[in-house]
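Please open the model in your viewer and keep the sequence beside it.

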Amino acid sequence: SICMYYILTMATTVSDEKEIVATLKQWSQERKLHEAKLSPEGLTLGQTLLENKKLSLDIVTENGPKSAQYTLASIYLQLLDPNQKLLAYRKACKTHNVNDPVAVSDKDGVISHLMDASATVSEAPPAQPAEPAAAAAAAAATTATTEKPLERANDQAASAPPQPPKDKEVGESAQDKRRDHHKSSRGRDRHKDRKRSSSGKDRGRGEEKSAHKKKKVKEVVTTEELFTNLNEVVGKRVADSDVTKAEIIKALKADGFEFNAETLENCRESAQHIFENEIPVGNSASILRAANPRKDLSRVLEIFNEVMNPRKSSSARGGRGVPPPPPGKPTLKRPYLLGKNPVIIVPKGMTAPVTLVNAQEFFANGNFVPRDIALKQGRGQRGNQKITFTRQVRVSTGSGPVEFEIIDNPKKLGTNLKDWDRIVAVVALGQSWQFKDWYNQWSDPVQLFSRSFGFYLSMEGDRIPQDVGTWSVKKAKLNRDKRGLDTIAFASFWNGLDEWMTVHRRELLPQGQD
């Protein structure tokens, strides 16, 4: 560091931009760039210090002439080895803390501006002497060494006195061996010459390919050209889409579809009629899923045939001795149920999703209200009062309003079996003790669900009790968070109950008038 300080203080500093460019060009032409030393202050050669500053160069690139600005250190590292690869140049710039390396598109222009062709070639490492000359000299030496022993042997053979026939044969065999050796040595020399010539040709081809690769430089698109091309493309698309855009805007306008409060009031009655008769059937999965996956849907067809044509269904089941019903209204098995209200029984347990507290909101409106929220709303203060609601029913026997009763204690029905026949649906808790104190055969789950429509409702994720799998009940689940999915369980209950009542409790449904 002391020596460098001494050199810098003794050297003459060149700070003029034109003088720096001229001096750098002179050093490159004199092939002195390798002798210069690069420091943060600048480039030093002898007693001259070129200040490290921005230099403006008027260069010529593939896209035309342009003005480029780079620091002295960046230009020097590029001129130091013009044939170096991009990664090596960038590594050298990083080592010397150069932040503005010469761009790839400006490299040829900078080199041609500051160096001539001879300097460019001379800066590269000197080439090795041509191998063909050395190979020729080696071949000549080898030939000479092999020919001299042969000449000596021939002279000795000529000057030697004649030998007996046996010796003559021995001499001829020796000469034959020498000739064979001479031929083999010549063959080896020719093979070596061929190898050297082929390697020289391959080297020449490789140099031609590398020079050809260096000449191919990818065209660099400037920022101005990029934005010009984008503007042209966008302009074409906008021009082509003006007509389509106008048509889309015209189609999306609400012209001719205006409505006001008066229009809504006029359509309210018809909309209410549609909503009353609408029954949500669930999603696509619930529609395609059978009640029992192990069985087919033939039972649905049987129920449909029984409702639409009782005569054919009874004859198909072998009821040949059963007299046909009289024309007009079908025969009712329980006429004492006419005009009575059907009963739905819900569980008493506090762990059940639907109890007497929130049963009316679910069965009447299809909305599930959790028990704790229903208690806060004051719905659990009714005591032992009877809960009733009216529902519009549309079945094959007729259509009209039906008033349903909801209870959780069937003992209120007394001991009259005719009143117990009004039970059309039982919501199971999942435990057999729910039916322990029920009257007569209704305490047996098997008999109970053969006399009424069984329905088991649980929350999504809860484990289904083992007893429920042995009962003839329809299962449904309630989502814990998404209240919009309550209608699926609601529709599952009413679709199953309407179907069951059409077959087994037709007396409690609206009767058609003939």
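**The six-stranded sheet**

Begin by selecting the six strands that make up an open sheet of mixed pairing, which are arranged in the order β8-β9-β7-β10-β11-β12. The model you are looking at is a predicted one. At the edges of this sheet you will find β8 and β12, each of which pairs on one side only, and from one strand to the next the twist averages 25°.

Now pick out strand β7, residues 343-345, together with β9; the two pair in the parallel sense, over three bridges. If you label Val 343, you can look across to Glu 405 in β9, which stands opposite.

**The largest nonpolar core**

Which residues touch the most other members of the largest nonpolar core? Select Ile 344, Phe 362, Phe 363, Phe 493, Trp 494 and Leu 497, which hold that position in a core of 34 residues. Several elements each supply at least two residues of this core, among them the strands β8 (387-395), β9 (398-407) and β10 (423-428), as well as the helices α14 (359-365) and α18 (486-504). The largest share, seven residues, comes from α18.

Next, centre the view on Phe 363 and show what surrounds it; leaving aside residues up to four places away in sequence, Phe 363 touches Ile 344, Val 346, Val 354, Phe 389, Ile 406, Val 427, Phe 490, Phe 493 and Trp 494.

Move on to helix α3, residues 72-80, and ask how many of its nine residues are buried. The count is eight, and the helix is thus mostly covered; the buried residues are Leu 72, Ala 73, Ser 74, Ile 75, Tyr 76, Leu 77, Gln 78 and Leu 79.

To see where they meet, show Ile 75, Gln 78 and Leu 79 on the α3 side, and Lys 107, Val 110, Ile 111 and Leu 114 on the α5 side. Sorted by class, this contact consists of five nonpolar residues, one polar residue and one charged residue.

**Two hairpins**

Turn now to strand β2, residues 37-39, and strand β3, residues 42-45, which run antiparallel and are joined by three bridges. They form a hairpin with two residues between them, and within this pair Ser 39 stands opposite Gly 42 in β3.

Strand β3 is also joined to strand β4, residues 48-51, by four bridges, and these two strands run antiparallel; here Leu 43 stands opposite Leu 50 in β4. In the hairpin of β3 and β4, where two residues lie between the strands, select Gly 46, which takes a positive phi near 70°.

**A last stop at Glu 17**

Finally, select Glu 17, which lies in helix α2, residues 17-29. Glu 17 counts as partly exposed because its relative accessibility is 28%. Although Glu 17 and Lys 53 are 36 residues apart along the chain, their C-alpha atoms are separated by 8.1 Å. With residues up to four places away in sequence left out, Glu 17 touches Lys 54, Leu 55 and Ser 56.

Conventions
Residues numbered from 1 in each chain as written. Predicted model: local features only at pLDDT ≥ 70, side-chain atom pairs only at ≥ 80, totals over all residues. Heavy atoms only, no water. Core = buried A, V, L, I, M, F, W, Y, C linked by side-chain atoms within 4.5 Å. Buried < 20%, exposed > 50% of the residue type's maximum accessible area, 1.4 Å probe, protein only. Contact = heavy atoms within 4.5 Å. Nonpolar A, V, L, I, M, F, W, Y, C, P; charged D, E, K, R; others polar. Pairing = 2+ DSSP bridges. Axes fitted to C-alpha atoms, helices over the stretch in contact; angles between N-to-C directions.
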